[in-house]
Amino acid sequence: MVATPLGEPLHAAWHLSPARRLRINQAGLWLFFFSESFLFGALLAARFYLAGTERPAHLNQLLGLSITSILLASSVTAYQSEAAIKQGYIGRSLAFLAATIALGLVFVAGVGVEWTTAEFGIGEPYGTAFFAMTGLHASHVVSGIVILGLVYRLCARGRFSKERSWGVEAAIKYWHFVDVVWVFFYPALYLVSW
Amino acid sequence: MNEERKEAGAARLGWLVFAALAVLTAVEYIVAAEVGRNLVPLLVIAVVKASAIAWYFMHIVALWRAPEEGH
């Protein structure tokens, strides 16, 4: 018999309570993060396979630290947005969502600057790893910005509330996941030495 | 009143976690500058930072907790 992730027959899924459906949504989102972590983990492993723990001498450390701080700051504004909507403060939630989107855009711009000013080529082992890792990560940041933008629009139109906040919560969890990935990518690309 | 207190508590927690993450990032940077073989300490700091985000911001514990009605 075909069953839902929680073991009920599939036809029963149509009659699930909101709480049960939320639980399935949460499980699905975390499974997605789990599958994505293999992709990013493979890139992280490839960085050390290709270039060992070596890194170029003239990496722009200040830029790396700055974009890392910006992404961490965007995680706290995302968290504040989620906390606000769960308490029913829609206006405050929207303001923090807008701040998160703005910080995300600054992060992407920072990566763009890094790409255009990098003193290593894509053909070098480190360059291959660097451009692949930052490129894939930045594409996730861009998709996160698009998702947060859609959520902002829906939220502004009254689609979400204190009682119906899963859409906001899911988008923000995705944003935090992208931040977690960078928490590992930043030291691997900019700081590590052996 | 109770809602306001919950909101203030959640907001404070968010800023505290952010402060901790900022300090850990600074420590990471200093370790990279001062310690020659830094793979292990950097990995430990990254795991701590990722765990803090997953625990406090992503509410990973909610996966094992009965959800509230609604949403």
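How many salt bridges does the rule find across the interface of chain A and chain B? It finds 0, where a salt bridge is a side-chain nitrogen of Lys or Arg within 4 Å of a carboxyl oxygen of Asp or Glu.

Before going on, a word on the model. It is predicted, so local features need pLDDT of at least 70 and side-chain atom pairs count only at pLDDT 80 or more, while totals for chains, interfaces and linings use all residues. Residues are numbered from 1 along each chain as its sequence is written, chains are lettered from A and ligands numbered from 1 in the order in which they are written, and side-chain values use heavy atoms, with hydrogens and water left out.

Now back to the interface. Chain A and chain B bury about 3900 Å² between them, 68% of it on carbon and sulfur atoms; this is the accessible area (1.4 Å probe) lost on being put together, summed over both parts. On the side of chain A that touches chain B, the elements giving two or more residues are H1, H2, helix H3 (90–117) and H5. Helices here are DSSP runs (H or I, at least four residues), numbered from the N terminus. H2(A) provides the largest share, 13 residues.

Let us visit one residue of helix H2 (residues 61–86) of chain A, namely A:Ser75. A:Ser75 is buried, with a relative accessible area of 0%; buried means under 20% (1.4 Å probe, protein chains only). A:Ser75 touches residues including A:Trp175 and B:Phe57, contact being heavy atoms within 4.5 Å.

Methods:
Buried means under 20% relative accessible area, exposed over 50%, partly exposed in between (1.4 Å probe, protein chains only). Buried area is the accessible area (1.4 Å probe) that two parts lose on being put together, summed over both. Lists of a residue's contacts leave out its neighbours within four places in sequence.
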